[in-house]
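Thanks, everyone. Please bring up the model on your screens, and we'll walk through it together.

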Amino acid sequence: MNNFTYYTPTRILFGKDTELQISELLKDLHCRKILLHYGGGSAKRSGLLSRIEAALQASGIEYVSLGGVKPNPRLSLVYEGIALCRKEHVDFILAIGGGSVIDSAKAIGYGVAGDGDVWDFYLKTRAPESCLPIGCILTIAAAGSEMSDSSVITNEDGWLKRGCHSSFCRPKFAVLNPELTYTLPQYQTESGCVDIIMHTMERYFNQAENMELTDGISENLMRTVIKCAKILKQDPTNYNARAEVMWAGSLSHNGLTGCGTDGGDWASHQLEHELGGMFDVAHGAGLAAVWGSWARYVYKENPLRFARFAVNVHQIEASRQDLSTLPAEELDALALAGIKAMEQFYRSIDMPVSIRELGVELTDEQIEELADKCSFGQTRTVGIIKKLNKADMMEIYKAARS
Ligand code: NZQ
Ligand code: ZN
């Protein structure tokens with residue numbers, strides 16, 4: 001097992017009606033003025049926003065508002081938020097929404113607390129040294145931003161989608177009420193489930209040695225979300241399934257399923273982020289569209305890991321319990337069966353397994369552009385199972401095209 005640091009400073013309030021505790025939470029943190037940050041309309045339509053505003057007014061907590069965060073959140077609104085926070089002397093940001101709203105809040109927090117252009121942090125030409133404190137009320141189980149150290153922003157100038165990682169942005173608290181996710185469209189629910197599973201899969205597919213406990217937690221998390229995603233397709237207001245998925249979303253991306261690994265692969269995420277930046281697709285659906293092509297391209301670098309995934313996550317039978325003693329042909333067959341089973345699961349919840357099914361018809365020129373962006377102009381590789389250069393990325397995008 002590799003050395004690791006596990007740091008999860010986010011206070012979690014989980015369950016029905018937990019958003020009613022918002023005023024006490026904010027008072028505990030001694031905030032003077034808050035930015036209420038939210039998305040394109042769902043928090044207004046559901047009445048959640050007005051309930052939170054009423055609670056703040058009743059407790060005399062001052063706030064200003066900035067809505068309009070789009071999925072794949074944009075840098076221009078981040079700049080607007082930074083200017084507003086400075087003008088209004090905001091000292092806390094309350095994000096009401098999903099990954100896009102929370103990531104936008106984190107970016108605003110970096111911008112207010114630091115000097116210069118916040119985009120530098122996303123280009124990694126400078127590292128953030130602080131961030132305004134953030135809290136969130138989650139309305140979609142997906143990105144895991146409510147506990148993660150990550151923020152992903154899209155710059156409209158060039159449609160580049162880039163992430164920034166630092167523990168400064170980890171939220172002080174996250175309110176997780178599964179009932180707030182009942183109003184999600186089916187596509188967003190299922191896309192969220194894919195993202196949650198993928199955050200553990202990215203860590204699970206690694207080249208590290210034995211980690212029984214972390215692997216066991218990961219496999220259980222993946223099986224649970226697979227089961228609940230299918231339940232939610234039939235029964236979107238099934239509280240227990242919503243609750244399992246919501247808790248899995250936070251645990252899948254707070255670092256738990258990476259403890260003791262080498263950090264994990266993350267190539268599928270990098271490949272998808274370029275699709276999200278260029279074509280504005282839903283993140284989880286984009287991951288489903290590229291994952292199978294990535295997996296088939298790389299599985300021979302670690303067939304044992306893929307075989308374990310097939311057996312322990314998809315319950316595919318092997319001829320021996322100790323997979324490391326299996327002949328190479330059986331390991332390969334198991335690995336491929338596991339990849340196929342994952343794609344069948346994606347299909348069963350109406351998620352795409354190709355970029356065409358995602359609604360994007362890629363040209364050869366666009367494949368070259370995606371790979372060029374993903375390789376940062378051929379200056380980096382992505383992935384741990386296999387280090388992928390620009391040519392590898394092009395092969396995977398081509399395989400995923402249709
Ligand atoms: O804008 P509104 O009207 O709120 O609509 C949103 C949006 O259209 C809607 N929605 C959210 N809650 C709802 C609801 N509709 C009805 N009822 C509700 N209760 O859902 C749509 C998607 O919302 P979004 O926040 O974009 O979803 P998600 O949480 O999947 O976030 C995706 C973003 O997070 C990034 C992705 O790249 C993408 O930009 N990620 C962030 C990560 C992180 N910070 O740790 C990690 C992830 O890997 C990911 O990259
Ligand atoms: Zn993700």
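The second largest pocket has a volume of about 430 Å³. Keep in mind that this is a predicted model. There are 20 residues in the lining of that pocket. Closest to its centre sit Glu212, Leu304, Arg305, Arg308 and Leu323. Find those five first, and you have found the place.

Which elements give two or more residues to this lining? They are helix 8, residues 212-234, and helix 12, residues 303-314. Helix 12 gives the most, with five residues. Now the classes. The lining of the second largest pocket splits into six nonpolar, seven polar and seven charged residues.

How many cavities of 30 Å³ or more does a search of the whole structure find? One. The volume of this largest cavity is about 60 Å³.

Ala141 is in the lining, and so are Thr181, Leu184, Gln188 and Thr189. Leu232, Arg242, Val245 and Met246 complete the list. Two elements each give two or more residues here: helix 7, residues 186-204, and helix 9, residues 239-252. Helix 9 gives the most to the lining of the largest cavity, with three residues. By class, this lining holds five nonpolar residues, three polar ones and one charged one.

Last stop, a pair of helices. Look at helix 4, residues 75-88, and helix 5, residues 99-113. Their axes come within 9 Å. How do they cross? At roughly 55 degrees. Angles of 65 to 115 degrees would count as roughly perpendicular, and angles under 35 degrees as roughly parallel. Helix 4 and helix 5 are therefore oblique to each other. Is the crossing of helix 4 and helix 5 left-handed or right-handed? Right-handed.

Which residues make the contact? From helix 4, take Val78, Gly81, Ile82, Cys85 and Arg86. From helix 5, take Ser104, Ala107, Ile108, Gly111 and Val112. By class, this contact has six nonpolar, three polar and one charged residues.

One is the second largest pocket, at about 430 Å³, with helix 12 giving the most to its lining. Another is the largest cavity, at about 60 Å³, with helix 9 giving the most. And then there is the right-handed crossing of helix 4 and helix 5.

How values were computed:
Residues numbered from 1 in each chain as written. Chains lettered and ligands numbered in written order. Predicted model: local features only at pLDDT ≥ 70, side-chain atom pairs only at ≥ 80, totals over all residues. Heavy atoms only, no water. 1 Å grid on protein atoms, 1.4 Å probe; cavity = no way out; pocket = protein on both sides within 12 Å on 5 of 7 lines; lining within 4 Å. Points joined across faces, edges and corners; volume = space filled by probe spheres on them. Helix = DSSP H or I, 4+ residues; strand = E, 2+ residues; numbered from the N terminus. Nonpolar A, V, L, I, M, F, W, Y, C, P; charged D, E, K, R; others polar. Axes fitted to C-alpha atoms, helices over the stretch in contact; angles between N-to-C directions. Parallel < 35°, antiparallel > 145°, perpendicular 65-115°, else oblique. Left-handed = near helix turned anticlockwise from the far one by under 90°. Contact = heavy atoms within 4.5 Å.
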